[in-house]
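Work through each task yourself before reading its solution.

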Amino acid sequence: MGTTMTFSFACDQNRNVSAETVERLYDELELVGYVLSHDLKASLRAIQSCYEELNKHPALTSDVTGNSLQTLNEESERLKALMQGIVDYIRLETFATTHTSLDSNEIVRTVITTLDHEIKETGAVITCDILPQIMGHRGRITHLFAHLLNNALKFRGEQPPVIHVSAHRADAMWEFCIEDNGIGINEEQFDIIFRLFQRLHTAKAYPGHGIGLSLSRKIVEAHGGKIWVESILGKGSRFYFTLPTAKQGG
């Protein structure tokens with residue numbers, strides 16, 4: 001299924017990794033993130049700028065040249081999205097955050113608003129139960145819901161997407177479920193989909209880079225929770241994840 005990459009530098013007794021080594025590795029990750037988000041993006045902007053300039057000239061609108069320019073633009077956009085995904089993944093590993101009390105109803109409403117174009121384009125129906133107050137980082141929790149809902153819209157079957165968001169209390173955590181009627185997942189692939197850069201479909205069939213679910217798992221685990229999937233191929237999927245309940249008076 002390809003190479004699995006992970007950025008995990010936990011110390012254990014067997015490896016006897018020093019705190020200085022861990023700090024150095026995190027510093028290196030931050031440097032990689034900086035290079036990706038600044039230097040390489042600057043190069044991509046230059047490429048896209050050249051594309052836009054060349055595309056203005058009628059002499060370059062032949063079928064062959066036009067197709068080449070279109071491919072250049074599409075690949076630049078794909079690379080830009082891939083780099084942003086890697087930057088997000090690295091930042092999740094290296095930057096500490098403060099968790100506050102969050103209204104998950106508000107977060108889901110915000111995400112649905114941002115996905116308005118995709119919802120209208122696919123004819124999707126998204127429904128929600130009354131959702132709880134949780135403890136978490138607003139930006140990361142928003143990213144989590146955005147990715148899972150966007151996936152439910154993207155991996156749809158022949159029928160328009162029908163998506164439902166629910167939650168129930170599970171001890172000190174809230175267990176969320178995002179259920180869809182999409183294409184589903186083979187049981188033997190339930191674990192694979194959460195690995196970095198692992199894809200079940202070609203980019204042509206379903207655009208993406210195999211980062212989103214891995215990032216989602218990192219977000220959930222950073223909040224002390226877990227994420228898993230239940231699915232029937234051709235019938236749909238249920239993505240479950242747990243997040244801590246809001247502190248009393250928080």
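**Exercise 1.** Classify C177 and C128 in this predicted model as buried, partly exposed or exposed.

*Solution.* Start with C177, whose relative accessibility is 8%. Buried means under 20%, so C177 counts as buried. Next take C128, at 37% relative accessibility. That value lies between the 20% and 50% cut-offs, so C128 is partly exposed.

**Exercise 2.** Work out the strand order of the open sheet and find which strands stand at its edges.

*Solution.* First, list the 5 strands in order: β2-β4-β5-β7-β6, with mixed pairing. Then look at the ends: β2 (125–128) and β6 (227–232) each have a single partner strand, so one side of each lacks a neighbour in the sheet. Neighbouring strands are turned by 15° against each other on average, ignoring direction.

Now zoom in on one pair. Strands β5 (residues 173–179) and β7 (residues 236–244) run antiparallel and are joined by 7 bridges. Within β7, R238 stands opposite E179.

**Exercise 3.** Describe the surroundings of T122.

*Solution.* Begin with its place: T122 belongs to helix α4 (residues 116–122). Its relative accessible area is 12%, so T122 is buried. Next, follow the side chain of T122, which reaches the backbone oxygen of E118 at 2.8 Å and that of I119 at 3.4 Å. Last, leave aside neighbours within four places in sequence: T122 then contacts L153, R156, P160 and P161.

Definitions and conventions: Residues numbered from 1 in each chain as written. Predicted model: local features only at pLDDT ≥ 70, side-chain atom pairs only at ≥ 80, totals over all residues. Heavy atoms only, no water. Pairing = 2+ DSSP bridges. Helix = DSSP H or I, 4+ residues; strand = E, 2+ residues; numbered from the N terminus. Axes fitted to C-alpha atoms, helices over the stretch in contact; angles between N-to-C directions. Buried < 20%, exposed > 50% of the residue type's maximum accessible area, 1.4 Å probe, protein only. Polar contact = N/O pair within 3.5 Å; in protein donor to acceptor, adjacent residues only side chain to side chain. Contact = heavy atoms within 4.5 Å.
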